[in-house]
Amino acid sequence: MPFLQLDNVVKRYGEAAVIKGVSLAVEKGEFIVFVGPSGCGKSTLLRMIAGLENVSDGRIHIDGRDVTHVEPARREVAMVFQSYALYPHMSVYDNMAFGLRMTKTAERDIRARVLEAARILQIEPLLERRPRQLSGGQRQRVAIGRAIVRKPKLFLFDEPLSNLDAELRTQMRVEIARLHKALGATMVYVTHDQIEAMTLADRIAVLREGVVEQCGTPAELYDHPGNIFVGGFIGSPRMNFLVATVTTMSSKSLTLRSPAFTKGAITIPLRNGRKVETGEKITIGLRPEHLTLGGKGAGLTLRADIAENLGGATQIHTRTESDESIVILAPGRPDIVTGQFLAAGISPEKLYLFDKSGRAF
């Protein structure tokens, strides 16, 4: 049996369902990330696992035990919140020890656990400080340390890095990844930042409006998105979309026409034998990093709008003849003038195809 199992879990507020029958299995030691836009239900789902939200329907099992209606303190989980929630009048040591003292743990055991957590998190020199004397990253490490000392079966993280600046977020991402490797613990992590999801997760569950749209490894979601929503959400910069018309189709290839194509149409290989009708409108997905500025062969004719210098690369915002937005991520610093026409090479093997319902094929 999986270490954490959600069986058709539902959460309703009155007549409104915010979690609509989520089923998910998480193996022991796995790092899984819930990702999705604001309001998709990812934090609500995490709070249901923690026991902070009641389950309207379905079952939740942790380590083989049905905890659907078990109070939070008896679930053997520890949660790290977006807010550090540290006691300002206590030292770092006392903040980390507080929960253990409430459960009457022996002081000798408390000291051993706190010192071990401080060593893992590299905050040993900070144990006598107060929270006001710490940086944001140090406070978040203390909050994580408070969870570690409890030795939970399951760690839950609810957007723990969203209050940090960009540099600290990157640093803390690395530290959380190291912590997972050091502890070998099962972790469930909520974020709206798909870069955090891609860099931390063993698997990602992409949520939209209370439903898991797709669950898989970061590579699976990047290479094989199941629909337009997942394709557009996973990847930075986000995937470009271009509408094209099917002109001819064989058992092995498909010819598509669009005003954006330099030659008017392109022929691409069919990967799964899916049939579409001649004249049908489909959506093509193109990742910005797969477009080649000035590339030869099959390509697009685009009009430059804005070029953003990222240092080692340039993000070029363009538009097609039919006014569709296309972003190119080009290496270096090409000289781009607003309004000029650009040729962008595309590799047919790296195109994503979505039918009129938005499903990939």
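The legends below describe close-up views of one predicted model.

Local features are described where pLDDT is at least 70 and side-chain atom pairs where pLDDT is 80 or more, whereas totals for chains, interfaces and linings use all residues of this predicted model. Residues are numbered from 1 along each chain as its sequence is written, and side-chain values use heavy atoms, with hydrogens and water left out.

View 1. Helices (H or I, at least four residues) and strands (E, at least two) are DSSP runs numbered from the N terminus. Taken along the principal axes, the C-alpha atoms of the protein chain fill a box of roughly 75 × 45 × 35 Å. Of the 361 residues in the protein chain, 50% are buried, where buried means under 20% relative accessible area, exposed over 50% and partly exposed in between (1.4 Å probe, protein chains only).

**View 2. Helix α1 (residues 42–50) and the glycine just after it.** Helix α1 is mostly covered, with 7 of its 9 residues buried; these are Lys42, Thr44, Leu45, Leu46, Met48, Ile49 and Ala50. Just after α1, Gly51 takes a positive phi of about 90 degrees.

**View 3. The aromatic cluster of Phe31, Phe155, Phe157 and Tyr189.** Rings of Phe, Tyr and Trp (its six-membered ring) pair if their centres lie within 6.5 Å, and planes under 30 degrees apart count as stacked, over 60 as edge-to-face and the rest as tilted. By this rule the count comes to 6 aromatic pairs. The rings of Phe155 and Phe157 have their centres 6.4 Å apart and their planes at 15 degrees, so this pair is stacked. Both Phe155 and Phe157 are buried. Phe157 also forms an aromatic pair with Tyr189, which is tilted, at 5.7 Å centre to centre and 35 degrees between the planes. This second pair links distant parts of the chain, as Phe157 lies in strand β7 (residues 154–158) and Tyr189 in strand β8 (residues 186–191), 32 residues apart. Tyr189, like Phe157, is buried.

**View 4. Arg287, beside a ring and in a cavity lining.** The charged end of Arg287 sits over the ring of Tyr222, 4.1 Å from its centre; the rule requires NZ of Lys or CZ of Arg within 6 Å of the ring centre and within 35 degrees of the ring normal. On a 1 Å grid over the protein atoms alone, a cavity is a set of points where a 1.4 Å probe fits but cannot get out, a pocket is an open set with protein on both sides within 12 Å along at least five of seven lines, and lining residues have an atom within 4 Å of a point. Grid points are joined across faces, edges and corners, and a volume is the space filled by probe spheres set on the points. The count comes to 1 cavity of 30 Å³ or more, and about 40 Å³ of space lies in the largest cavity. The residues that line the largest cavity are Leu286, Arg287, His290, Leu291, Ile346, Ser347, Lys350 and Leu351.

**View 5. The largest pocket, with a volume of about 670 Å³.** Of the 26 residues that line the largest pocket, the closest to its centre are Ala73, Val77, Ala78, Met79 and Arg150. The elements that give two or more residues to this lining are β6 (77–80), α2 (92–102) and α4 (136–148). By class, the lining of the largest pocket has 17 nonpolar, 4 polar and 5 charged residues, where Ala, Val, Leu, Ile, Met, Phe, Trp, Tyr, Cys and Pro count as nonpolar, Asp, Glu, Lys and Arg as charged, and the others, Gly among them, as polar.

**View 6. The second largest pocket, with about 320 Å³ of space.** Of the 16 residues that line the second largest pocket, the closest to its centre are Asp223, His224, Arg271, Tyr352 and Phe361. Strand β20 (residues 352–354) gives the most to this lining, with 3 residues, and the lining divides into 9 nonpolar, 3 polar and 4 charged residues.

**View 7. The cis peptide bond from Ser236 to Pro237.** Omega of this peptide bond is near 0 degrees, and Pro237 is found in the loop between α8 (228–233) and β11 (240–249).
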